[in-house]
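Please open the model in a viewer and keep the selection panel at hand.

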Amino acid sequence: YTWDSRRLDAAPPEWLKNVIYLSIFWAFFIHTVTALIYCALPGRDYWLTAIMAARFLASAFCSGPAILLLLLLLLKRLTGFDPAKEALRGLTIIIVYALGANIFFFLLELFTALYSGMPGHAHPMAFLFAMPEHWPSWAMRAAAVMAISAFWLLALPRTRQHPVLLPLGLCLLVAATWIDKGLIIMVAGFTPNVFGRITPYTPS
């Protein structure tokens, strides 16, 4: 609707703004409910954390706008559609703050698991970072490097405004989030199993 209104040089309908605001609340509650389903399972220590919902929201509010910004940049290149600089700047600021919060929340999880030494929380973290014989360890290390690199590229104004480094940072961010929330969160939730054993898992 917005694109069509802009093409016709007309103002978008008033109800559209209300739908946009409503979608923000929908996104907030959908991710919260999903996280609560995970963290309400006491048998899965990796998921049993009070900040699971906050981690879901932080990752969603950095990766979602990152995908949207990548699409806008692609539209600009392919069709000549030129989004307002204020919109691009606003999206980038949201991405940087949400990504920073996402990294900070994971560091809190890491500190709590390793400093407390509680086996249920420490063992999944050791599996994710200190067992290179299993592929999730390599995947999580790669995700950590990509997330930190993306934050560095997007936080600095010089690199954030670069026509090549901006899309690179966004792609790194999306890849890191997909590994963390789309793949590793499931594997780590079931590893080690209830008998304390590590069962190798190959994605199929």
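Begin by selecting α4 and α6, which pack at an angle of about 145° with their axes 10 Å apart. Axes here are lines fitted to C-alpha atoms, for helices over the stretch in contact, and angles run from 0 to 180 degrees between N-to-C directions. Helices (H or I, at least four residues) and strands (E, at least two) are DSSP runs, numbered from the N terminus. The crossing of α4 past α6 is left-handed, a term that applies if the near helix is turned anticlockwise from the far one by less than a right angle, right-handed being the clockwise case.

Show the side chains of I95, V96, L99, G100, I103 and F106 in α4; they meet M140, A147, I148, A150, F151, L154 and A155 in α6. Contact means heavy atoms within 4.5 Å. By class, this contact of α4 with α6 has 12 nonpolar, 1 polar and no charged residues. Ala, Val, Leu, Ile, Met, Phe, Trp, Tyr, Cys and Pro count as nonpolar, Asp, Glu, Lys and Arg as charged, and the others, Gly among them, as polar.

The model is predicted, so local features need pLDDT of at least 70 and side-chain atom pairs count only at pLDDT 80 or more, while totals for chains, interfaces and linings use all residues. Residues are numbered from 1 along each chain as its sequence is written, and side-chain values use heavy atoms, with hydrogens and water left out.

Zoom out to the whole chain. Its secondary structure comes to 8 helices and 0 strands, and the C-alpha trace spans about 65 × 35 × 35 Å along its principal axes.

The contact of α6 with α8 has 22 nonpolar, 2 polar and 1 charged residues.

α3 passes α8 in a left-handed crossing. By class, their contact has 15 nonpolar, 3 polar and 3 charged residues. Among the residues of α3 in this contact are M52, R55 and F56, and the α8 side includes D180, K181 and I185.

Of its 24 lining residues, select I20, S23, L68, L72 and L91, the closest to its centre. On a 1 Å grid over the protein atoms alone, a cavity is a set of points where a 1.4 Å probe fits but cannot get out, and a pocket is an open set with protein on both sides within 12 Å along at least five of seven lines; lining residues have an atom within 4 Å of a point. Grid points are joined across faces, edges and corners, and a volume is the space filled by probe spheres set on the points. α3 gives the most to this lining of the largest pocket, with 8 residues. The lining of the largest pocket has 18 nonpolar, 4 polar and 2 charged residues.

The second largest pocket has a volume of about 630 Å³. Select L73, K76, L88, P163 and L166, which lie nearest its centre among 19 lining residues. The elements giving two or more residues to the lining of the second largest pocket are α3, α4 and α8. The lining of the second largest pocket divides into 10 nonpolar, 3 polar and 6 charged residues.

Finish with the backbone. In the loop between α1 and α2, select D9, which has a positive phi of about 55° although it is not a glycine. In the segment after α8, select P192; a cis peptide bond joins T191 and P192, with omega about -10°. Most residues other than glycine have a negative phi, and most peptide bonds are trans.
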